[in-house]
Amino acid sequence: PLTLADLAERHGRYFGSATDNPELTDAPYTKILGDEFDMITPGNGMKWYATEPQQGVFDFSAGDEIVNLARANHQKVRAHTLVWHSQLPGWLTDREWTAPELRAVLKNHIQTEVRHYRGKVYAWDVVNEAFNEDGTYRETVFYKTLGPGYIADALRWAHQADPRAKLYLNDYNVEAVGPKSDAYYTLAKQLKAQKVPLHGFGLQAHLALQYGYPTSLEDNLRRFSRLGLDTALTEVDVRMELPATEEKLAQQADWYRDMTEACLAVRRCAGITIWDYTDKYSWIPAFFPGEGAALPWDEQLAPKPAYYAIREALK
Ligand code: G3I
């Protein structure tokens with residue numbers, strides 16, 4: 001039978017999953033991970049706390065394990081993430097930095113990590129979650145110390161270190177047209193006009209049934225395409241209030257189908273990544289108590305209605 005990756009490839013797209021190192025000892029899990037997808041993203045292993053736990057001391061073991069697994073399975077890697085306010089190492093957050101100091105720290109982190117994975121990854125989420133819901137810049141340590149120019153600098157440094165990797169900005173709650181996605185649209189336009197190496201916009205797409213479907217998703221993808229950017233759905237899941245009922249699972253399936261169709265309808269939507277593929281390893285229950293069942297495979301690794309809906313959309 002054709003896999004999600006096979007079906008997506010017929011449209012010139014990829015179909016990916018996030019994974020995380022502790023799960024890789026679960027053989028039934030890694031079997032499906034290796035069979036069904038052609039793109040893999042480390043859910044945590046390439047983040048700053050994992051890769052530079054002490055200043056200037058790099059540890060790429062977690063990311064390498066996933067890159068090696070992907071290579072063994074003939075899969076590509078979407079790398080995640082270089083600059084983010086969350087999951088930073090203590091040495092970075094527990095003191096004050098002058099602008100020149102932090103600039104040097106940021107450049108060294110980006111270039112050391114991107115160089116390490118040069119030629120081994122398809123794309124990088126260079127800056128993750130840079131804006132607030134109202135479209136103002138998020139007041140991260142990078143923004144507060146370096147100003148908004150840290151984004152263009154990060155893209156330029158990453159591009160120097162791996163000129164072939166596609167460089168993305170990535171965020172959540174940007175699926176619909178609205179203040180937050182508008183902020184990215186404006187920024188992307190400026191960066192393109194300034195010839196900053198930006199190649200794509202990643203929409204995480206962590207959706208929740210209780211908040212409604214972002215019906216302007218396709219239009220939104222299209223306007224970024226028109227700027228000359230790739231787009232991708234990068235961390236898809238559709239959570240619900242538990243218990244999951246047949247009705248909720250059917251609605252979830254519709255949403256997965258609609259998202260897949262939206263990506264296929266827009267030429268430069270490069271592909272879709274789900275934020276792990278099974279409810280067994282979803283981040284949702286730990287972060288949103290009482291919610292879950294967000295992924296296309298259940299906790300027993302059995303496909304749910306959402307899985308069949310994605311297949312239909314890809315046929
Ligand atoms: O590594 C420690 C472990 O030593 C400890 O025993 C355990 C106890 O709680 O925690 C472990 O750290 C956890 C880490 O994942 C690794 O498993 C953290 O508590 C936990 O908060 C962290 O969650 C990750 C989350 O990002 C942090 O914000 C999720 O796994 C990861 O899927 C999630 O991914 C993010 C994307 O990077 C960006 N977009 C949103 C998405 C969901 O939050």
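This is a predicted model: local features need pLDDT of at least 70, side-chain atom pairs count only at pLDDT 80 or more; totals for chains, interfaces and linings use all residues.
Strand β2, which spans residues 39-42, is covered on both of its faces, with M39 and T41 buried on one side and I40 and P42 buried on the other.

**Strand β1 and its partners**

- Strand β1 pairs with β2 in the parallel sense over four bridges, and within this pairing G16 stands opposite M39, while S17 has I40 as its bridge partner.
- β1 is also joined by four bridges to strand β9, residues 269-274, with the two strands running parallel, and here F15 stands opposite I272.
- In a regular strand the side chains alternate between the two faces of the sheet.
- In β1 itself, Y14, G16 and A18 point one way and F15, S17 and T19 the other way, and all of these residues are buried.

**T19 at the end of β1**

- T19 lies in strand β1, which covers residues 14-19, and T19 counts as buried because it has 26 C-beta neighbours inside 10 Å, where 20 or more are required.
- Leaving aside neighbours within four places in sequence, T19 is in contact with L33, I40, P42, G43, I66 and D276.
- The C-alpha atoms of T19 and D258 are separated by 24 Å, and these two residues are 239 residues apart along the chain.

**Nonpolar core**

- The largest nonpolar core comprises 87 residues, and W124, V126, A154, A158, Y184 and M259 are those with the most contacts inside it.
- Helix α8, residues 150-161, supplies the largest share of this core, namely seven residues.
- A158, when neighbours within four places in sequence are left aside, is in contact with L82, I110, V114, W124, V126 and L167.

**Surroundings of the ligand**

- The residues around the ligand are G43, N44, S86, Q87, N128, Y172, Q204, E235 and W283.
- Sorted by class, this shell holds six polar residues, two nonpolar residues and one charged residue.
- G43, one of the residues around the ligand, is also among the contacts of T19.

- Most residues other than glycine have a negative phi, and most peptide bonds are trans.
- The peptide bond from H80 to T81 is cis, with omega near 0°, and T81 lies in strand β3, residues 76-83.
- A further cis peptide bond joins L242 and P243, with omega about 5°, and P243 is placed in the loop between β8 (230-241) and α11 (246-265).
- D276, a residue other than glycine, has a positive phi near 75° and lies in the loop between β9 and α12 (284-287); D276 is buried, since 25 other C-beta atoms lie within 10 Å.
- L301 likewise is not a glycine and has a positive phi of about 70°, and L301 is found in the loop between β10 (291-292) and α13 (305-314).
- With 15 C-beta neighbours inside 10 Å, L301 counts as partly exposed, whereas D276 counts as buried.

Definitions and conventions
Residues are numbered from 1 along each chain as its sequence is written. A residue is near a molecule or strand if its C-beta atom, placed from the backbone, lies within 6 Å of it. Ala, Val, Leu, Ile, Met, Phe, Trp, Tyr, Cys and Pro count as nonpolar, Asp, Glu, Lys and Arg as charged, and the others, Gly among them, as polar. A nonpolar core is a set of buried Ala, Val, Leu, Ile, Met, Phe, Trp, Tyr and Cys residues joined through C-beta atoms within 7 Å. A residue is buried if 20 or more other C-beta atoms lie within 10 Å of its own, exposed if 12 or fewer, and partly exposed in between; C-beta atoms are placed from the backbone. Two residues are in contact if their C-beta atoms, placed from the backbone, lie within 7 Å. Two strands pair if DSSP finds at least two bridges between them.
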